[in-house]
Amino acid sequence: MTKETINESQFINPNEDTRITYGSLVKLHFEVSLENGTVIDSTFSRETPVSLTIGDESLLPGFEQVLMNLRAGDTRSAHLDPEQAFGDWNPDNIQHFSRAQFALVADNPEIGMMIEFEDKGKNTLAGTINAIGDDEIEVDFNHPLAGQAVLFKVKIFKVTPPGVTGIQLR
């Protein structure tokens, strides 16, 4: 049996030159804020970064696009227009329900209350109560950030290529 010599260039080090592609496992911190600086979500205060797989739908495609081709150690800030982030606000996503219909969903509706509905396909839809009238209730099914541009900041800690499983040596 011949013993093969393995040189360093044969090893994939997911912490250096490995770039983010579709299917990569990525450890990162991120922040999403409005243009006025209001922070919507951030993981930077957490002790450990979050992990996600690019393409698993845990991030919107516009956010994933910002991550493409980054590598461990990279940081990036990107301005995302509404259509790249949470979509444009759509007036067709405003629905009206009679109070009788709505009583099946919530007993004491209040303006601003978020309610989950089930569509015909048994999918869950979240809506926000916009108005309450004597006979009907108006619900907005747009994402709360629809129509707004956002700033997306990321710091990449580790990139593992698609199909590679890491192991920890002791």
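## Order of the elements

Reading from the N terminus, the protein chain runs β-β-β-α-β-β-α-β-β-β-β. That comes to 2 helices and 9 strands, taken as DSSP runs numbered from the N terminus (helices are H or I of at least four residues, strands are E of at least two).

This is a predicted model, where local features need pLDDT of at least 70, side-chain atom pairs count only at pLDDT 80 or more, and totals for chains, interfaces and linings use all residues. Residues are numbered from 1 along each chain as its sequence is written, and side-chain values use heavy atoms, leaving out hydrogens and water.

## Contacts and surface

Of the 170 residues in the protein chain, 32% are buried (buried is under 20% relative accessible area, exposed over 50%, partly exposed in between, with a 1.4 Å probe and protein chains only). Among contacts (heavy atoms within 4.5 Å) between residues at least 6 apart in sequence, 64% join residues at least 24 apart.

The chain exposes about 11,700 Å², with carbon and sulfur atoms supplying 48% of that area. Accessible areas come from the Shrake-Rupley method with a 1.4 Å probe, and for residues only the protein chains shown count as cover.

## Salt bridges

Searching the whole structure turns up 2 salt bridges (a side-chain nitrogen of Lys or Arg within 4 Å of a carboxyl oxygen of Asp or Glu). In one, Glu31 pairs with Lys153, their closest N and O atoms 3.8 Å apart. This pair links distant parts of the chain, 122 residues apart: Glu31 sits in strand β1 (residues 25-34) and Lys153 in strand β9 (residues 150-160). Glu31 is buried, at 15% relative accessible area, while Lys153 is partly exposed, at 31%.

Glu118 and Lys122 also meet through their side chains, at 3.5 Å from N to O. Both Glu118 and Lys122 are exposed.
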